[in-house]
Amino acid sequence: MNAIVLYTKRQGQATSYEFNFFDNQFATENLAVRKVLMSMLESVRERLTDVEVEYNDSMLAEKLGARRAAETLRFLGATKENSKENRSNGIVVSRSFQAPLTSERYAYFYELTDIATLSHYRLKEGSEDRIVFYFTRYLQLIAPDEQASRAFLQKLDDFSLPYKLVPIN
């Protein structure tokens, strides 16, 4: 297997690691991609406090079925009170919500067989993004310090997942 490419960028004390789907040419349900997400999750696990999800009702229902889509959203913490509509020209194009990241919700993301089940999500430490999946364009870890960076790269090694780091400005 060829090495996956991770684009890196320093952001103050933090380091961003971005897995770009176009450049890596992997499907979102590929085991290598799942291992990247699992490595990201494990490297910042103790810091994660919240999950933010953006979704399109019809796309999610098409992917999971209406009933399972609703169950998944409720499980992840969506309520009428915390959900907001995102509109374009007066039409609802997506909805989003933020909820606490419980251990059960963490397990949901860790065990995803297709990391694009939800089209856009952020796992946060307070108001800071730590892991971002954005519409099958990229999967990003913002490691807040050297310890989290080392943990991420060590987990990739533990999974026997070869990688190449490409610094960007």
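In which loop is phenylalanine 135 found? The residue sits in the loop between β7 and β8. This holds for a predicted model, and the values below were computed from that model.

The secondary structure of the chain comes to six helices and nine strands. The radius of gyration is 16 Å, close to the 15 Å that the globule rule gives for 169 residues, so the chain is as compact as a globular protein of that length. Along the principal axes, the C-alpha atoms fill a box of roughly 40 × 35 × 30 Å. Of the 169 residues, 47% count as buried.

The nine strands form an open sheet. Their order is β4-β5-β3-β6-β7-β8-β2-β1-β9, and the pairing is mixed. Strands β4 and β9 (163-167) stand at the edges. Each has a single partner strand, so one side of each is left without a neighbour in the sheet. Neighbouring strands are turned by 20° against each other on average, direction ignored. Within this sheet, β3 (residues 50-55) and β6 (residues 120-125) are joined by five bridges and run antiparallel. Glutamate 54 stands opposite histidine 120 in β6. Helix α2 packs on the sheet. The helix touches β1 (4-11), β2, β6, β7 and β8. The direction of α2 makes about 20° with that of β8.

How many of the six residues of β8 are buried? Six of the six are, so the strand is largely enclosed by the rest of the structure. Both faces are covered. On one side, Tyr138, Gln140 and Ile142 are buried. On the other, Leu139, Leu141 and Ala143 are buried too.

The loop of the opening question belongs to a hairpin. Strands β7 and β8 form this hairpin with three residues between them. Phenylalanine 135 lies in the turn. Its phi is near 40°, a positive value in a residue other than glycine. The residue is partly exposed, with a relative accessible area of 35%. Asparagine 89 is placed in the loop between β4 (84-88) and β5 (91-100). Is asparagine 89 buried or exposed? Asparagine 89 is exposed, with a relative accessible area of 78%.

Helix α2 also packs against another helix. Helix α2 (residues 31-44) and helix α5 (residues 103-110) meet at an angle of about 150°, and their axes lie 9 Å apart. Angles over 145 degrees count as roughly antiparallel, so α2 is roughly antiparallel to α5. Which residues make the contact? From α2 come Leu37, Met38, Leu41 and Glu42. From α5 come Tyr106, Phe109 and Tyr110. By class, the contact has six nonpolar residues, no polar residues and one charged residue.

Leucine 37 of helix α2 takes part in this contact. At 1% relative accessibility, leucine 37 counts as buried. Residues up to four places away in sequence aside, leucine 37 touches Phe109, Leu112, Ile115, Tyr121, Ile131 and Leu139. Of these, Phe109 is one of the α5 residues in the helix contact, while Leu139 is one of the buried residues of β8. Leucine 37 and glutamine 140 are 103 residues apart along the chain. Their C-alpha atoms are separated by 8.8 Å. Gln140 is itself buried, on the side of β8 that also holds Tyr138 and Ile142.

Terms used
Residues are numbered from 1 along each chain as its sequence is written. This is a predicted model: local features need pLDDT of at least 70, side-chain atom pairs count only at pLDDT 80 or more; totals for chains, interfaces and linings use all residues. Side-chain values use heavy atoms; hydrogens and water are left out. Axes are lines fitted to C-alpha atoms, for helices over the stretch in contact, and angles run from 0 to 180 degrees between N-to-C directions. Helices (H or I, at least four residues) and strands (E, at least two) are DSSP runs, numbered from the N terminus. Angles under 35 degrees count as roughly parallel, over 145 as roughly antiparallel, 65 to 115 as roughly perpendicular and the rest as oblique. Contact means heavy atoms within 4.5 Å. Ala, Val, Leu, Ile, Met, Phe, Trp, Tyr, Cys and Pro count as nonpolar, Asp, Glu, Lys and Arg as charged, and the others, Gly among them, as polar. Buried means under 20% relative accessible area, exposed over 50%, partly exposed in between (1.4 Å probe, protein chains only). Two strands pair if DSSP finds at least two bridges between them. The radius of gyration is taken over C-alpha atoms; the globule rule is 2.2 Å times the number of residues to the power 0.38.
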